[in-house]
Amino acid sequence: MATRRTYIGIGAAVLIVGGVLWVYHGRPAEASSTQTTPAYFVQTVQEGAFQGAVSASGTVTATSEAAIESPTAAAVSQINVHLGQNVASGATVATLSNGTTVTTPISGTVVNVTVSGGDYVSAGQVLVTVANLSPLQVTLEVPEESITQVKTGDSVTLTFPALPNQSYTGTVNTVGELGTANTSGVVVFPVTVTIQNPSGILLGMDANATIHTGSVSQALYVPTAAIQTVNGTDEVLVPEKSLTPPTLGGFGGGGFGGGSCCAGGRR
C-alpha cells in the first residue's frame, strides 16, 4: 500500500536559510518486504529564537592602496616621505637623479618605503606604498553555499589571532558577485566589512568573522537528518494522523541525533 505524504509549508524561512523549509513531524523508516504499515521515528518540533550566522575568515585591507613605481631607471636623489606620514593626492614621494619627481595618485598613509636615497632603481620598481586606512576594513572569503545569506548592512563580530581576548564589531559594506576558487578548490566570494573603532588593528592582520544574517523570534527547529531534498526543494515528511507511529526497540520514538535546522513561522 502506497504511503501518503503530507507537507506543511513555512515560507518565512526564506530570509534565514535561503530557501523554503518544511516542518517535520516524522519520516518513514526503511520498510522490510513483510511490512504493510509504515513505521515512523517521531521527533518533536521545538520552538525558539533563531539567529542566522555565517562564519568566514579574511585579512585586514585598506579602502584603497597604491604601490608607487619608478617611471624610469635612475638613482634615487631623495625620498620625500616617511613611514606613517599622511600625504595628499599629487604629493611628491621621491625625486630621481634625472630630475623626475614621483607623486602619489591617492591620499592616504605611507605604509611602506622600499628604497633609500642613493639607491639605483629600475623602471617599474616600487618605491613607496600609500594606503587609505579610513575606514579600515576586512576582506572576507565567504563560501558559495553561504553567500546568498549575506547582505549589505549585516552586523559582524570580528576577532584577530594577533589580538587575543578582544573582539570588534563591523558592518558588511560590499558583497562580491564573482566567485573564485581558493587554494583548497572551494569557490568563495569576497565580502568587505568596515571595522568600527579599529584601535590596535594593523593592515594585513588575519581576521575571523561571524556575520549575523538575521533572526526569527518564533522559529521551528527540526533535526537536519529529517530534511530531504525533493525536486530541488528542502522538505520534511509529516505522517497521516491515521498512522500511529510505533515505538521500535531502542529508537524510543525518536533518535535522529545530529544538529538541527530551523524554519520561521508557526504551524
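This is a predicted model: local features need pLDDT of at least 70, side-chain atom pairs count only at pLDDT 80 or more; totals for chains, interfaces and linings use all residues.
**Exercise 1.** Find out how many salt bridges the whole structure has, and decide whether each partner is buried or partly exposed.

*Solution.* 
- Step 1: Searching the whole structure turns up one salt bridge.
- Step 2: Its partners are D154 and K151, whose side chains meet at 2.9 Å, N to O. The cut-off is 4 Å, so this pair counts.
- Step 3: Now check accessibility. D154 has a relative accessibility of 4%, and buried means under 20%, so D154 is buried.
- Step 4: K151 has a relative accessible area of 44%, so K151 is partly exposed.

**Exercise 2.** Work out which residues make the nonpolar surface patch of about 180 Å², then take a look at V111.

*Solution.* 
- Step 1: The patch is made by V111, L133 and L203.
- Step 2: Locate V111: you'll find it in strand β11, which covers residues 108-113.
- Step 3: V111 has 31% relative accessibility, so it counts as partly exposed. Patch residues need over 30%, so V111 passes.

**Exercise 3.** Describe the largest nonpolar core and say which element gives the most to it.

*Solution.* 
- Step 1: Start with the background: in soluble globular proteins, nonpolar side chains tend to be buried together.
- Step 2: The largest core here has 24 residues, and L140, V142, L158, F160 and I201 have the most contacts inside it.
- Step 3: Elements giving two or more residues include β5 (46-61), β14 (137-143) and β15 (155-160). The top contributor is β18, with four residues.
- Step 4: Zoom in on L158: among the residues it touches are V138, Y168, V193 and I195.
- Step 5: Another core, of 17 residues, lies apart from this one, and V93, V121, L127 and V128 are among its members.

Methods
Residues are numbered from 1 along each chain as its sequence is written. Side-chain values use heavy atoms; hydrogens and water are left out. Buried means under 20% relative accessible area, exposed over 50%, partly exposed in between (1.4 Å probe, protein chains only). Patches are made of residues with over 30% relative accessible area and no salt bridge: like charges are joined within 9 Å, nonpolar side chains (Val, Leu, Ile, Met, Phe, Trp, Tyr) within 5 Å. Accessible areas come from the Shrake-Rupley method with a 1.4 Å probe; for residues, only the protein chains shown count as cover. A nonpolar core is a set of buried Ala, Val, Leu, Ile, Met, Phe, Trp, Tyr and Cys residues joined through side-chain atoms within 4.5 Å. Contact means heavy atoms within 4.5 Å. Lists of a residue's contacts leave out its neighbours within four places in sequence.
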